[in-house]
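This briefing describes selected features of the structure shown below.

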Amino acid sequence: MLKGETVLICCLYSSYKKICVSLKMFFFRDRAADYSSRSRHKQICRMHKKVKARGEKMIWLALQNIDKAERSSGYRTARIKSMNSFLIIYLIILLFEAVLSTILKYAWQAEEKWDEPWYNEKTEHERNSSKILRFISDFLAFLVLYNFIIPISLYVTVEMQKFLGSFFIGWDLDLYHEETNQRAQVNTSDLNEELGQVEYVFTDKTGTLTENEMQFRECSINGIKYQEINGKLTPEGLSEDSPDGTRHDLVKEEELFLKAVCLCHTVQINADQTDGADAPWRANGIASPLEYYASSPDEKALVEAASRVGVVFTGTSGDAMEVKSLGKRERYKLLHVLEFDPNRRRMSVIVESPSGEKLLFTKGAESSILPRSKSGEIDKTRIHVDEFALKGLRTLCVAYRRFTPEEYQEIGKRLHEARTALQQREEKLADVFSFIERDLELLGATGVEDKLQEKVQETIEALRVAGIKVWVLTGDKHETAVSVSLSCGHFHRTMNILELVQHKSDSTCAEQLRQLAKRIKEDHVIQHGLVVDGTSLSLALREHEKLFMEVCKNCSAVLCCRMAPLQKAKVVRLLKTSPEKPITLAVGDGANDVSMIQEAHVGIGIMGKEGRQAVRNSDYAIARFKFLSKLLFVHGHFYYIRIATLVQYFFYKNVCFITPQFLYQFFCLFSQQTLYDSVYLTLYNICFTSLPVLIYSLFEQHVHPHVLQSKPVLYRDISKNAHLGFKPFLYWTVLGFFHAFVFFYGSYLLMGEDASLLGNGQMFGNWTFGTLVFTVMVITVTMKMALETHFWTWINHFVTWGSIVFYFIFSLFYGGIIWPFLHTQDMYFVFVQLLSSGSAWFAIIVIVVACLFLDVVKKVLYRHLRPTSTEKAQLTETGSGVNCLDSMCCLSDGETACAPLRRRLERLMGRCSPTRVNRKSSRDAVRVLLIVDCLCLCKSGGVCKIRRPLPLVLDVRPPNIYLGVCVTSEDMQKAHAPRP
């Protein structure tokens, strides 16, 4: 006995240390995560430098993935935080029950007859042992007895649910893009439920809202606007048919502008394509089109446009770039490349012309080119750039500079020193680039068009209806960004658009912010949209962050233009760390969006044409922006509901499990006698009740996916962590205690008074009583899960009813056979005797019904008296007239196939005059309901192709209801068929 107690105390001490460590990690998790993430990040940075120096690319990519995993591990979702909070509450309940049981034990043993009964006399050592040590030993023993109230298996089940559930996103064919043959991709499964809690969406414009397929539209050369008409540059206002509109030769300014476009880029040509002297030429001297590849679609569009109008980039040979101008080959030696970076917003090349002249060609944003230009048609070009932007075109300015031999020698020296510097290399290169790219001569500007992606406007409007605010963060010009925002529905035409742009000082920026805040308060009825540029944003965030946030939060849509990548991340961090702590989501397609994607709670990469940087660094990847609605409104909604019910149900079933054990101590003098067999204690969470909730968390669909996607307002029902708040937690906990009391006292009242309920006259013992309580508990908690299930599949049926059957079969084998490897077998023949009693079966049925009856009544009353939007959608879907089929099954005349069926049901169910409802019509209603599943289910816009009419077993059948398959509109004529 003493040896067993010693081992028990050692085990309890070990458990106590683990609990203390867990509590310490919980309360100080932020500080610990901060420190550990910083130290890990420093180590990884050092490893990055070593690996990059050695050029080991594969290891470098692996380290990037490790770095990403370390950063993502520091973020705990709101759902995990709620779960940990619930765990602390249950830990307090565990300690309370253990302390209360220990105190009551010693209070009970204060009487001598209970302290040392005749059948359990104490040893001399026990009489002389310390009372404090005995109290601690008893407290730890009760702690072990009740420790199953802490659902340790919950964490394992949650991880399984997240991992397995993430596959459904990749398997969803609605997220498959057929043109590019790309499916949705899940890079992390830890954030599935966060998709159902998003409050802010930050999105890039180019490649995310648009196709990133650039088409050259207009340009400005030397102050004159040109358009491309049939492969010729034509001044604005002239057409090709007019005598002045036909231009066979390029003037000097036009040729120099096109050469700058053909030389200042990073475009590559297909290696299999050759361009010999015998290549076919068109009338204007242009070779057959070459196939270009570029990381930037803008560069590709401009080079292709130049090739169409007479100046063709034919490739590189060593350090030389070859250009054909109207058939004349020219070779330019590439001397230096000043790479593009987001801070400079421009790119330059230094080349040596065939005549030996050193030239600098530069292209970039007008905000970075025009201030550095000293000659050329600057004012006219600025006007043209603004006109291009108002049309929604993406603009670039082009300039050049000639170097004298002395200037080029100095530039070469400075570049060599900066590039070979061992310290502050980036700063020195930036200074040298700024020195080189000055005193430019402006050549002109370009305007290219980027088409919007399909259904972008519908997606943004759906996000707005769902209560999600959309912010567009782009590097484009102010006018271009506003034009695209209006065309994609981000800004409404009736929306009052406020502007915070072109501010150079803190005072003017602060004054404008105050005016905007005042204007919003005065016009609080209408919707407002805010436009901010990068310069004004930097000033606003410097000293007026709160005022800026107040203005932004009162606006329905925000557009940030001329944004650097770090500014995008800073804006996301600003909202993310605000007092409300909203869940943020960032969408982007390029490398310049990586910082924004990593900063947001949930990062989504678009599989676009700017590489896979955004996809690799995101949590989820989709092919098109329109798929975001399905990802949030359907998958996010389902994942959140599933994980919320999973967490609450685990706490509920563990309360049901342990509370009878606590109540049993009042009947055994707090002797730490267990109510259940040890095998039942072990298998309760592992085998008997684990599978139904796991399958529920994988397959549950409480509302049809089409309804969720067509009604974005349902997304509001789960926002703000509605299903994992304190009220739902309190409801499930109270329900668990109520069911536990019914299990224990119901069994006690039905069987405690008459102990000879067996047919052979034998009495029930404590193991039989405990088995009865356990049997009722397993059936009830499984049936409770069945009541929560709305979407039944064969798998749900198999695991739900199979779990109950498995429990009975296991108990029969476990208690019906003498197992030689078991030292004791207290449950031998107990379960068989229990099932042989009719009174036991009666008790099981009565107790299970008593537990679940009130829960069913509560659900029915709440659904009819205080239904949520989601419950209304459920009633609409399944209640009266199968409205859920209206948007999915259509006939050729425009009327849905379900419309006559719904009208008949409404008449038969009493929605018209009650006198018209008779016994025959009520039978018809049943028959009509039976044929609902025979309808073909098409997506919105599809029609039903007739395969055969319904079987004639139904004597009442609405016309035009047929079995069928979904086809396109070309087959609508086939939807008519004679009634048999």
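A residue is called buried when its relative accessible area is under 20%, exposed when it is over 50%, and partly exposed in between, with a 1.4 Å probe and protein chains only. By this criterion, six of the six residues of strand β18 are buried, so β18 is largely enclosed by the rest of the structure. The model is predicted: local features need pLDDT of at least 70, side-chain atom pairs count only at pLDDT 80 or more, and totals for chains, interfaces and linings use all residues. Residues are numbered from 1 along each chain as its sequence is written, and side-chain values use heavy atoms, with hydrogens and water left out. Helices (H or I, at least four residues) and strands (E, at least two) are DSSP runs, numbered from the N terminus.

**The sheet**

- Nine strands form an open sheet of mixed pairing, in the order β1-β22-β21-β20-β2-β16-β19-β18-β17; two strands pair if DSSP finds at least two bridges between them.
- β1 (185-186) and β17 (496-500) are the edge strands, each with a single partner, so one side of each has no neighbour in the sheet.
- β17 and β18 pair in the parallel sense over five bridges, and Glu499 stands opposite Val531 in β18.
- β18 also pairs in the parallel sense with β19, over five bridges, where Val531 has Leu559 of β19 as its bridge partner.
- In a regular strand the side chains alternate between the two faces of the sheet.
- Both faces of β18 are covered: His528, Leu530 and Val532 are buried on one side, and Gly529, Val531 and Asp533 on the other.

- Helix α17 (residues 478-487) lies across β17, β18 (528-533) and β19 (557-561), and runs at about 150 degrees to β19; axes are lines fitted to C-alpha atoms, for helices over the stretch in contact, and angles run from 0 to 180 degrees between N-to-C directions.
- Helix α18 (residues 506-522) packs on the sheet and touches β17 and β18, its direction making about 165 degrees with that of β17; contact means heavy atoms within 4.5 Å.
- In helix α16 (residues 456-465), the buried residues are Val456, Thr459, Ile460, Ala462, Leu463 and Arg464, and they pack against β16 (469-473), β19 and α24 (627-664).

**A helix pair**

- The axes of α8 (residues 152-165) and α26 (residues 690-699) come within 9 Å and cross at roughly 35 degrees.
- Thr157, Met160, Gln161, Leu164 and Gly165 of α8 meet Leu694, Ser697 and Leu698 of α26 in this contact.

**Aromatic pairs**

- The structure holds 53 aromatic pairs; rings of Phe, Tyr and Trp (its six-membered ring) pair if their centres lie within 6.5 Å, and planes under 30 degrees apart count as stacked, over 60 as edge-to-face and the rest as tilted.
- One of them is the edge-to-face pair of Phe688 and Tyr807, at 5.2 Å centre to centre with 80 degrees between the planes.
- Phe688 lies in helix α25 (residues 678-688) and Tyr807 in helix α30 (residues 794-816), so this pair ties together parts that are 119 residues apart in sequence.
- Tyr807 also forms an edge-to-face pair with Phe808, at 5.5 Å centre to centre and 75 degrees between the planes; both Tyr807 and Phe808 are buried.
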